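Good morning, and thank you for coming.

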Amino acid sequence: MKKRRKHLAAFALTAALAAGLAGCGSSGSGNETGEGGGPHIGIIFTQAGLGGNSFNDLALDGVRRAASELGITYDQVEPKSVADEEIIQDEMASSGEYDLIICVGDEQVDALNNVASVYTEQRFALLDASSDLENVASYSCKAQEGSFMAGALAVLAKQEQTDSRLTDNHMVGFIGGVDNPLINQFAAGYRAGALYADP
């Protein structure tokens, strides 16, 4: 049992560090340009905006990297409300300027299904959600897998007393930013990981 716990702790720590490093990125706003000559991309974030090391920030990091390494150019928009997202999607699609329009988050699904149905020649990417439309490529992750590791790591850190501030009770916690299906997947994974490490 102790050997299993040490292997699980090592694996959980590695996974947690990898997830944490993936979320460490700079944020900002504006238009950045790569070497030029490459595709022109539009990216629309969720209303949560940039700066919270969220999916928005990870998506921006990816677009910046593509600008640096692949020579794409891009425009980014942070909507002030969910209602703005469809307006922004429509404006980008109707302009004909974008090779790809990236929409971040499941809050954009309904708007994107409306807009992509009208602009059938425009290519869209939907991050962290899905659409059945042919001109929309959907990308999502298994949120519960990373949070499973975080839950297991939290329990193991308490069991091993890795910090003097950790008490020896059997209580760990999870705080989700909002009550929605994605955050609930994170919570379920965290709880399952904690229970796996300390049934």
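Is F174 buried, partly exposed or exposed? F174 has a relative accessible area of 34%, so it counts as partly exposed. Please bear in mind that this is a predicted model.

I turn now to the aromatic pairs. One is formed by F148 and Y196; it is tilted, with 5.7 Å from centre to centre and 50 degrees between the planes. F148 belongs to helix α5 (residues 143–159) and Y196 to helix α6 (residues 181–197), so that this pair links distant parts of the chain, 48 residues apart. F148 is partly exposed at 23% relative accessibility, and Y196 is partly exposed at 38%.

F174 and Y190 also form a tilted pair, because their ring centres are 5.5 Å apart and their planes stand at 45 degrees. Since F174 lies in the loop between α5 and α6 while Y190 is in helix α6, the pair ties together parts 16 residues apart in sequence. Y190 is buried, with a relative accessible area of 13%, which is under the 20% limit.

Let me move to the strands. Strand β3 (residues 100–104) is largely enclosed by the rest of the structure, because four of its five residues are buried. With strand β1 (residues 40–44), β3 pairs in the parallel sense over four bridges, and I101 in β3 is the bridge partner of G42. Strand β4 (residues 124–127) also runs parallel to β3, joined by four bridges; there, F124 is the bridge partner of I101. From β3 the chain passes through helix α4 (residues 109–118) to β4, in a right-handed β-α-β crossover.

How values were computed: Residues are numbered from 1 along each chain as its sequence is written. This is a predicted model: local features need pLDDT of at least 70, side-chain atom pairs count only at pLDDT 80 or more; totals for chains, interfaces and linings use all residues. Side-chain values use heavy atoms; hydrogens and water are left out. Buried means under 20% relative accessible area, exposed over 50%, partly exposed in between (1.4 Å probe, protein chains only). Helices (H or I, at least four residues) and strands (E, at least two) are DSSP runs, numbered from the N terminus. Two strands pair if DSSP finds at least two bridges between them. A crossover is right-handed if, with the strands pointing away from the viewer, the path from the first strand over the helix to the second runs clockwise. Rings of Phe, Tyr and Trp (its six-membered ring) pair if their centres lie within 6.5 Å; planes under 30 degrees apart count as stacked, over 60 as edge-to-face and the rest as tilted.
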